[in-house]
Amino acid sequence: MPTITAEDGCPLNVEIEGRDGAPVLMLSNSLGTDLHMWDDQAGELAKHFRLVRWDRRGHGKSGTTKGPYSFGLFGRDIVNILDTLKIKKVNWCGLSMGGMDGQWLGANAADRVEKLVLANTNYYYADKSPWADRIKTVRENGLKHIVALNMERWFTKGFRDRAPQTMERMTKMFLSSNLDGYIGCVEAVRDMDFRDSNPRIATPTLVIVGKQDPATTPDRGEDIARAVKNAKVVALDAAHISNVEQPKAFTEAVLNFLAG
């Protein structure tokens, strides 16, 4: 599990598994999670790929720098990881913020990606006020104040009721996020705008939406698929963190697309 130093000195936690020489698949996490959000996928995906997972700054075992952050910053972090590991190209699978990373890569570092999976994500927020409200709330009260509401957005009620151990794991993961890093990431999401750049993406792309996702609603994913040339859409019966709520269906969708 190497630590890779970003261009500004921030340590980035990276985990690698799977056989040498296999095609590389990099997984990228949502806001308020770490690389273990992919634990349900990792075993199966590592049978087919050299799997690279990372914690973005402010999350997991990576360091935290002063915000606000941007997707240009995250993109440079990702390219730096690839350069350090001497990886020329990857397949990319990112959920929520990880899907935003993928949109940046597809438009700005197309030579580094073979295929893109963009799950439960968005490309632009016209209304910035909910993000400003969230920043104010967590600055004043901490992440614990929003964790219950966050889990309601991440998972359907049926899943929350039938999977208490998973809910406990994801709650702990969320609360372990560095507060300053979390806020820096919220600022990046608030300010992102891929409306002009997404039409430049020519990389084969799969967009995964959650039919019951209140955070990045299905229409947001469909908009991305319309903007990106020849993108495909798969809808899963899940809320926002669809890879955890529907692990088997999510893994199958990714493998079917990447093998195609």
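I take a contact to mean heavy atoms within 4.5 Å. I note here that the model is predicted.

**Entry: the whole chain**

I looked up the secondary structure and found eleven helices and eight strands in the chain. I then checked the overall dimensions. The C-alpha trace spans about 45 × 40 × 40 Å along its principal axes. The radius of gyration is 17 Å, which agrees with a compact globule, because a globule of 260 residues would have a value near 18 Å. I also looked up burial and surface. Of the 260 residues, 56% count as buried. The chain exposes about 10,900 Å², and carbon and sulfur atoms supply 49% of that area.

**Entry: the nonpolar core**

Nonpolar side chains in soluble globular proteins tend to be buried together. I looked up the largest nonpolar core here and found that it has 86 residues. The members that touch the most other members are Met26, Phe71, Trp92, Phe155, Ile208 and Phe250. Helix 2 (residues 71-84) gives this core its largest share, seven residues.

I followed one of these members, phenylalanine 71. Leaving out residues up to four places away in sequence, phenylalanine 71 touches Met97, Met100, Asp101, Trp104, Ala188, Val189, Met192 and Phe194.

**Entry: aromatic pairs**

I searched the whole structure for aromatic pairs and got nine. One of them joins tryptophan 38 and phenylalanine 250; this pair is tilted, with 5.9 Å from centre to centre and 50° between the planes. Where do the two partners of this pair lie in the chain? Tryptophan 38 is in the loop between strand 3 (24-28) and helix 1 (39-45), phenylalanine 250 is in helix 11 (residues 247-259), and the two are 212 residues apart. Tryptophan 38 has 0% relative accessibility and so counts as buried. Phenylalanine 250 also counts as buried, because its relative accessibility is 0%.

Next I looked at tyrosine 125 and tryptophan 131, which form an edge-to-face pair with 5.1 Å between centres and 75° between planes. Both tyrosine 125 and tryptophan 131 are buried. I also noted one aromatic cluster, made up of Trp154, Phe155, Phe159, Phe174 and Tyr182.

**Entry: charges over rings**

I looked up arginines placed over aromatic rings. Arginine 195 lies over the face of tyrosine 124, at 3.7 Å from the ring centre. The charged end of arginine 57 sits over the ring of tyrosine 69, 5.9 Å from the centre of that ring.

**Entry: serine 177**

I found serine 177 in the loop between helix 7 (164-175) and helix 8. Is serine 177 buried or exposed? Its relative accessibility is 8%, so serine 177 counts as buried. Setting aside neighbours within four places in sequence, I listed its contacts as Gly32, Thr33, Gly58, His59 and Leu143. The C-alpha atoms of serine 177 and glycine 32 are separated by 5.9 Å, although the two residues are 145 residues apart along the chain.

**Entry: glutamate 187**

I placed glutamate 187 in helix 8 (residues 179-191). Glutamate 187 counts as buried because its relative accessibility is 11%, and the cut-off for buried is under 20%. Which residues does glutamate 187 touch, not counting those up to four places away in sequence? I found Gly67, Pro68, Tyr69, Ile135 and Arg139. Tyr69 had already come up as the ring under arginine 57.

Technical notes:
Residues are numbered from 1 along each chain as its sequence is written. This is a predicted model: local features need pLDDT of at least 70, side-chain atom pairs count only at pLDDT 80 or more; totals for chains, interfaces and linings use all residues. Side-chain values use heavy atoms; hydrogens and water are left out. Rings of Phe, Tyr and Trp (its six-membered ring) pair if their centres lie within 6.5 Å; planes under 30 degrees apart count as stacked, over 60 as edge-to-face and the rest as tilted. Helices (H or I, at least four residues) and strands (E, at least two) are DSSP runs, numbered from the N terminus. Buried means under 20% relative accessible area, exposed over 50%, partly exposed in between (1.4 Å probe, protein chains only). A charge sits over a ring if NZ of Lys or CZ of Arg is within 6 Å of the ring centre and within 35 degrees of the ring normal. A nonpolar core is a set of buried Ala, Val, Leu, Ile, Met, Phe, Trp, Tyr and Cys residues joined through side-chain atoms within 4.5 Å. The radius of gyration is taken over C-alpha atoms; the globule rule is 2.2 Å times the number of residues to the power 0.38. Accessible areas come from the Shrake-Rupley method with a 1.4 Å probe; for residues, only the protein chains shown count as cover.
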